[in-house]
Structures are given as C-alpha cells and as structure tokens.
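Please find below a colleague's note on the assembly under review.

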Protein chains: 6
Amino acid sequence: MALVPPIEYDAASPAVRAVYDDIMATRKVPAVNNFWKVLAHDPVQLAGVWAQVKAVMGDGALDPLVKEMIYVAVSATNNCEYCIHSHTAAASKKGMTPAMFHELMAVVALANATNRLANGYRIDVDPQFRNPLG
Amino acid sequence: MALVPPIEYDAASPAVRAVYDDIMATRKVPAVNNFWKVLAHDPVQLAGVWAQVKAVMGDGALDPLVKEMIYVAVSATNNCEYCIHSHTAAASKKGMTPAMFHELMAVVALANATNRLANGYRIDVDPQFRNPLG
Amino acid sequence: MALVPPIEYDAASPAVRAVYDDIMATRKVPAVNNFWKVLAHDPVQLAGVWAQVKAVMGDGALDPLVKEMIYVAVSATNNCEYCIHSHTAAASKKGMTPAMFHELMAVVALANATNRLANGYRIDVDPQFRNPLG
Amino acid sequence: MALVPPIEYDAASPAVRAVYDDIMATRKVPAVNNFWKVLAHDPVQLAGVWAQVKAVMGDGALDPLVKEMIYVAVSATNNCEYCIHSHTAAASKKGMTPAMFHELMAVVALANATNRLANGYRIDVDPQFRNPLG
Amino acid sequence: MALVPPIEYDAASPAVRAVYDDIMATRKVPAVNNFWKVLAHDPVQLAGVWAQVKAVMGDGALDPLVKEMIYVAVSATNNCEYCIHSHTAAASKKGMTPAMFHELMAVVALANATNRLANGYRIDVDPQFRNPLG
Amino acid sequence: MALVPPIEYDAASPAVRAVYDDIMATRKVPAVNNFWKVLAHDPVQLAGVWAQVKAVMGDGALDPLVKEMIYVAVSATNNCEYCIHSHTAAASKKGMTPAMFHELMAVVALANATNRLANGYRIDVDPQFRNPLG
C-alpha cells in the first residue's frame with residue numbers, strides 16, 4: 001500500500017518533467033518507473049537521488065552489469081521487494097542470465113551466514129587483512 | 001574480543017586438519033585465517049561451511065572477482081568488520097583496484113538509501129518488473 | 001497473513017479490557033488498533049509493551065511529534081510495513097505535513113547510505129566526536 | 001581499522017579542496033572530519049554525497065536539530081559507531097540536551113522492539129492507517 | 001511475486017528428485033515445500049543448502065524444537081515472511097504451543113530493543129563477560 | 001567509546017538504587033553490569049526496561065536458558081557486541097555448554113542465509129504454513 005500515489009508525466013511540474021526527461025533519455029525508456037513517480041512528490045529529493053544514480057551507476061571502473069548485481073545483493077539482504085524486482089530486471093536487461101542470478105543469490109546467502117559467524121564469535125581480523133587494499 | 005581462541009594447525013584434530021589442508025590447497029595459501037580456526041571448535045560446521053564456500057565462490061556463471069565484491073557489499077551492509085577486511089583482501093588479490101572498491105562502496109551506499117525510500121514509501125512494483133528474469 | 005487473529009473488545013478478558021480501556025482513554029480513540037488486539041494473546045506482554053509505549057511516547061524532553069517521526073524513521077529502516085503505516089498516521093495526526101514526511105524519508109535514506117560508507121570504510125571516529133554529549 | 005587513510009587538506013587535489021572549502025564554509029568549522037577525508041579518495045562520490053547532505057540536512061520543513069536526531073536514530077538502529085558519534089555531536093551542537101538524547105534512545109529501542117512484534121506476528125494494517133498522510 | 005516458479009517433482013531432473021526424496025524421507029512428509037522447489041533452479045545450491053539444513057537442524061547438543069524457535073527468532077528479526085511461517089509451523093509440529101510462541105516473540109522484541117540501547121550508547125563490555133563461555 | 005559513563009551505586013539516586021537493588025536480588029549478583037549503569041542516566045527508562053526484562057526473561061512457558069539463547073541469536077544477527085557477550089555469559093551460567101553455543105551459532109548462520117534466499121527469490125508461502133500455530 002503505497003503512501004502516496006505516483007505522479008504521472010502529464011500531471012508533473014516542469015522541474016519534475018525535466019528529471020523524467022533526463023531519466024528517459026539516459027536509459028532509453030519510454031516512461032519512468034514508479035520509484036521516480038513517487039519521489040516526485042519531493043522535487044529536490046527527486047533531482048538529488050537521480051543525480052546520484054546517474055553518477056554512480058554508469059560506466060566507470062566497474063561494469064554497469066556488476067553494479068546492478070551488487071544492487072540486487074544489497075536489496076535482497078535488506079528485503080526490499082521493489083528494489084529486488086527493479087534491479088533484477090535492470091541486470092537482466094544488461095545481460096544477467098538466470099544462472100548468474102542463482103549464483104548471485106548463493107553468494108548473498110553465504111555472505112549473510114558467515115557475516116553472523118564472524119560477528120557472533122567476534123573473530124579477530126588477521127594481520128594480513130588489516131590493509132586489504134594493499 | 002573473540003569468544004573462543006583460534007585452533008592452530010598443530011593443535012587440531014585430524015578431521016579439522018583435513019579441512020585446513022583442503023582450504024590451503026584450494027586457495028594456494030600457507031595457512032588458514034582466523035575464521036576457519038574459530039569454526040574449528042565445531043568440526044561439523046567447519047566442514048559444512050567450507051563445503052558451501054568452495055561450491056559457491058569458485059568458477060561458475062559469475063567471475064570469482066565479482067563474487068568477492070558481492071561479498072564485500074553484503075558485509076558492508078551488515079557491518080561485519082571481519083568480513084569486510086577478509087573479502088576486500090580477497091577481492092584485491094583477484095584484481096580489484098582501489099578505484100573499483102570506491103565504486104563498489106558508492107553502489108552499496110546508494111542501494112541502502114533507495115532500499116529505504118522504496119520500503120518507506122511502500123512503492124508498488126511496476127508491471128514490467130514482475131517477471132524480472134524474463 | 002497474520003499468525004493469530006485480533007482479539008476484539010467483546011471477546012477480551014477483563015485484564016485485556018483494562019489495557020484496551022487505558023489505550024483508548026490515553027489516546028482519545030474509540031477503539032484500539034490491530035497491534036494491541038494481536039498482542040492481547042499474551043496479556044502480560046500486552047500490559048508491558050503498553051506501559052513502555054505510554055512512558056516513552058508521551059510528553060517529555062522531546063515533542064511527541066518528533067518521537068513519532070523518529071519511530072517512522074526506524075520503521076522505514078527496518079522495513080516494518082505495519083509500523084510505517086501506523087506511526088505515519090500518528091505523526092500526521094500530531095501535525096506532520098506531507099512536506100515534513102518527505103524530508104524525513106530523505107534523511108532516512110541519506111543516513112542509511114552514509115552508515116554503510118562509514119562502516120564499509122571502517123572510518124575512525126575523530127577526537128572531537130568522542131564525547132559527543134559534551 | 002580504516003581501509004584507507006584520510007586525505008588531509010594539504011595533500012588534496014583542487015577538486016577535493018573545493019568540496020572541503022564548501023563544507024567548512026557551510027558548517028563554519030575550521031576543518032572537515034574523517035568521513036569526508038576518506039570519501040576524498042573518490043572525488044566524484046565526495047562531491048555527490050556532500051551535495052546530498054547539503055540539500056537534505058539544511059533548513060526546510062523540518063528543523064535541522066530534528067534531522068540530526070533522526071540521523072542518530074537510524075545510525076543506532078544500524079549500529080554505525082562513526083555516525084552515532086558524529087551526529088550525536090552535531091545534534092548536541094544544535095541544542096540536543098542529554099535528556100533529549102536519552103528519550104531519543106528510548107524511542108529507538110521501543111521502535112526496534114515493536115517493529116519485530118508487528119513483523120513477527122505479520123499484523124494486518126488497520127483500514128484507518130492505509131492512507132496515513134491523509 | 002516469486003521471481004521464478006517452483007519446480008514440481010514431475011518436472012524435476014534426477015539430481016533434483018534425489019534431493020526432494022531425501023527431504024521427504026528425512027522429514028516424513030509427502031512433498032517438499034516451495035523453498036526447495038525454488039532453489040531447485042540451481043541444483044548445486046539446492047543440494048548444498050539441504051546438506052547444511054540436514055546437518056544443522058537435526059539432533060545434537062540442542063533440542064530440534066529449540067533450534068526451530070531460534071530460527072523463528074532470527075526470521076522475525078530479519079522480517080522474512082516465508083521463514084516465519086514455515087519455521088513457526090515446524091516448531092509447532094515439534095511441540096511449540098501458542099504460549100511458547102508468544103514468549104518467543106517477547107524475547108525477540110526485548111532483544112531487538114536492548115541491542116540498540118547497547119549499540120547506541122556504545123556500552124563497554126564488563127570484564128566478567130569477556131570470556132563468556134568460561 | 002561509551003557516550004556516557006556508568007553510574008556507580010554510591011553515586012546513584014534513591015530511585016536508581018532501588019532498581020539496582022532489585023536487579024541484584026533477582027539475579028543473586030553482587031553488582032549490576034554496565035548496561036544498567038548506563039541506562040541509569042534515564043531513571044524512567046531504567047525502571048521500564050528492567051520491568052520488561054524481569055517480566056520476559058523469567059520462568060514461563062519457555063525455559064530461561066532457551067530464552068537466553070534466543071537473545072544471543074538475535075544479538076548475533078544484529079551485531080551487538082555487548083549483548084553477545086553478556087547474554088552468552090548468562091546462558092553459560094544457566095547451563096549452556098560450548099557445544100550448545102556452537103550449534104546455536106550454526107542455526108543463526110543458516111537462518112540468516114535462508115532468510116535471504118526466501119526474501120531474495122520472493123518465495124510464496126505454502127498453503128500448509130498459512131496458519132502455522134494450528
């Protein structure tokens with residue numbers, strides 16, 4: 001049960017439409033999804049979150065597909081139904097096969113398990129891991 | 001403050017040594033890290049967790065480096081200090097550069113933010129995302 | 001799918017009715033909501049949780065509206081649908097406007113993001129923050 | 001154990017210094033704290049997160065002190081030591097007394113408890129809460 | 001909205017059927033539940049998770065009923081609807097009464113509250129708790 | 001780094017001492033631990049939390065040892081170092097052996113893993129689990 005209704009393009013203010021236009025152009029899609037239509041109730045936040053998504057999720061040192069899979073991993077850990085669906089769809093569009101998705105879920109499950117073993121036993125970090133970026 | 005001390009190789013039972021040996025051979029490392037030395041207090045669990053790690057984290061549909069980065073993403077979301085250090089080290093060893101790590105952190109932060117926006121506003125899943133694996 | 005049905009006033013024991021009566025009198029509402037009707041299966045817990053809610057959520061050093069907004073922030077972070085709905089309603093009743101709600105969501109999203117950056121990078125607490133209450 | 005060292009002003013690039021300068025001017029402080037000095041390893045992320053913090057945490061429909069307290073509530077829920085310290089310090093500077101902090105902690109504890117009761121019992125949202133923003 | 005359909009016995013591969021058979025024989029049930037039918041899309045993961053469940057949840061130092069209740073406690077904390085339902089059913093079958101379930105929920109709520117008080121105030125571990133296993 | 005110092009018995013107000021006295025008498029211990037000494041900064045909260053702990057953690061439908069183990073399971077899931085140490089100590093005092101603790105950790109790890117598989121795949125609850133308490 002959404003707390004506020006999505007704001008459709010026709011009902012949007014010029015500032016909101018400008019963000020919608022940029023999302024559609026950047027992603028080459030004919031419409032924006034509900035996430036943005038709900039954030040549109042707060043145009044400043046809409047613009048700010050979109051700026052971050054655009055800056056973070058595009059090309060860079062990591063492949064965009066890898067980024068979408070990381071997004072799914074976090075969303076499954078946090079139990080965000082909307083995000084699991086939307087970012088799994090985005091990852092699929094970028095080339096994630098079902099086999100890749102299943103492995104992703106397996107890593108997420110394993111990491112959630114061992115995170116609790118390490119935290120529960122309060123295991124000391126080994127000296128060789130203290131500067132893990134070298 | 002670890003709840004139990006690590007069990008070193010020399011003090012380990014034959015069953016535990018067999019797992020240690022397999023970890024060292026599989027990973028081509030001269031010793032196992034504290035995570036395994038602590039799990040060794042429960043040899044059945046040690047063998048079971050290692051079997052899962054070996055099955056899940058090796059080659060497959062996803063690149064092992066991608067899997068390590070997903071592991072880091074989950075561990076940062078869950079605040080597991082041990083796992084952040086150990087899997088960041090593993091990812092670095094497999095080729096993750098600092099620039100890749102920074103992008104990984106940026107995706108993790110963004111996903112944790114938008115997960116709460118989608119959950120907080122209770123946003124409805126769009127029809128086109130309902131079967132996201134196609 | 002609720003695990004147990006709500007216990008309506010007419011079907012409640014005298015001990016449960018006494019708590020329901022106090023909730024209705026304190027909040028000036030004609031009926032209690034499902035949360036209490038479900039807890040009523042455990043009358044001791046019902047009385048204990050209500051005692052805590054009554055003690056914590058009333059007037060004090062913080063404004064009751066601020067407390068309701070903090071409640072919503074925690075509930076969005078934890079993904080509690082029931083609590084998001086009920087405490088957003090309570091906050092609205094106490095004066096929270098939609099604009100205030102949108103800013104609340106924006107803070108929740110930002111905090112969830114930067115929490116992971118600080119935890120993920122394991123950032124050291126600056127000396128000036130060590131005694132933050134002065 | 002921080003994964004990367006903070007980047008001090010003298011060692012920072014012009015782009016990073018520009019963000020540091022804006023943080024110091026906006027907050028009227030003589031130096032930036034470790035959070036920013038660590039993010040500075042990724043200048044794009046540094047600028048993006050600062051833009052969001054500046055947009056979200058300033059004056060608006062909610063009082064800046066209320067926003068800092070919401071930040072602390074989320075950080076305590078997520079167990080972010082750095083954020084608890086830094087945002088408690090920020091809230092104190094804006095007028096939060098110890099008594100207000102104690103009430104904040106009490107609300108956070110209560111919300112975390114009742115979130116699990118509502119989620120654990122899978123309690124149905126009452127009809128009157130379905131459109132909680134009115 | 002499940003991301004993949006369950007794989008029924010008749011449509012399953014021999015490897016998947018072997019796991020289904022072992023689950024049914026071990027649990028003395030005439031069919032496997034959806035969790036396994038969904039994992040069956042990844043036969044290696046299906047076998048691995050079942051091996052862990054079989055090893056961990058059976059007889060041992062802890063009573064199987066106690067293990068099921070711990071499972072419910074974790075699932076309520078993490079807000080896993082499927083797991084709350086399936087493991088509450090399993091615990092009931094093993095002898096958990098409604099009164100026991102209510103106490104379980106009360107402990108879960110209390111622990112989630114005090115976890116945040118201890119983490120939020122950053123309380124130092126007392127010397128007598130440093131080696132809690134003696 | 002605790003945000004406030006513990007309040008020792010000699011420095012406590014009569015209201016705080018009354019709670020300390022009841023804790024010591026109920027638990028048959030010569031002093032209260034840091035958790036209570038920190039909560040004592042908010043005497044109303046101290047009394048309220050203690051009342052809940054006393055009501056919930058004592059004898060009832062569940063064995064007090066089982067309740068302590070559930071507490072440890074939640075605390076490991078939430079990564080509360082203080083609570084892991086203090087409730088593991090309490091469980092040990094009530095009869096939990098190291099072997100029982102290791103099994104407890106194994107169940108916690110498994111539940112955290114399968115919670116994410118069920119949430120990540122969005123698995124539908126089977127009809128036979130819909131009324132899990134019978």
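Predicted model: local features only at pLDDT ≥ 70, side-chain atom pairs only at ≥ 80, totals over all residues.

1. For the complex, the predictor reports an ipTM of 0.98 and a pTM of 0.98. Within chain A the average pLDDT is 97, and 100% of the residues score at least 70.

2. Architecture of chain A. Two domains are assigned in chain A: domain 1 covers 1-57 and domain 2 covers 59-120. Their C-alpha centres are separated by 24 Å.

3. Relation of chain B to chain A. Chain B is superposed on chain A by a rotation of 180° with 0.0 Å of shift along its axis, at an RMSD of 0.0 Å. This is the relation of a two-fold axis. The same surface serves both copies, since 100% of the contact residues of chain B recur in chain A.

4. Composition of the A–B interface. Here 64 residues of chain B are in contact with 64 residues of chain A. On the chain B side, the elements that give two or more residues are H2 (34-39), H3 (43-57), H4 (64-78), H5 (81-93) and H6 (98-120), each of them a helix of chain B. H6(B) supplies the largest share, 17 residues. By residue class, this side of chain B divides into 40 nonpolar, 17 polar and 7 charged residues.

5. Relation of chain E to chain A. A rotation of 120°, with 0.0 Å of shift along its axis, brings chain E onto chain A with an RMSD of 0.0 Å. This is the relation of a three-fold axis. Among the residues of chain E, Asn79(E) comes closest to the rotation axis, its C-alpha lying at 4.4 Å.

6. Composition of the A–E interface. In this pairing 5 residues of chain E are in contact with 5 residues of chain A. The chain E side comprises 1 nonpolar, 3 polar and 1 charged residue. Only 20% of the interface residues of chain E are also interface residues in chain A, so the copies meet through different surfaces.

7. Nonpolar core. Which residues touch the most other members of the largest nonpolar core? In this core of 298 residues, they are Ile70(A), Ile70(B), Ile70(C), Ile70(D), Ile70(E) and Ile70(F). Leaving aside residues up to four places away in sequence, Ile70(A) touches Met69(B), Ile70(B), Ala73(B), Leu104(B), Val107(B) and Val108(B).

How values were computed:
Residues numbered from 1 in each chain as written. Chains lettered and ligands numbered in written order. Least-squares fit on C-alpha atoms with pLDDT ≥ 70 in both. Contact = placed C-beta atoms within 7 Å. Domains from an automatic or database assignment. Nonpolar A, V, L, I, M, F, W, Y, C, P; charged D, E, K, R; others polar. Core = buried A, V, L, I, M, F, W, Y, C linked by C-beta atoms within 7 Å. Buried ≥ 20, exposed ≤ 12 C-beta atoms within 10 Å, placed from the backbone. pLDDT = per-residue confidence, 0-100. Helix = DSSP H or I, 4+ residues; strand = E, 2+ residues; numbered from the N terminus.
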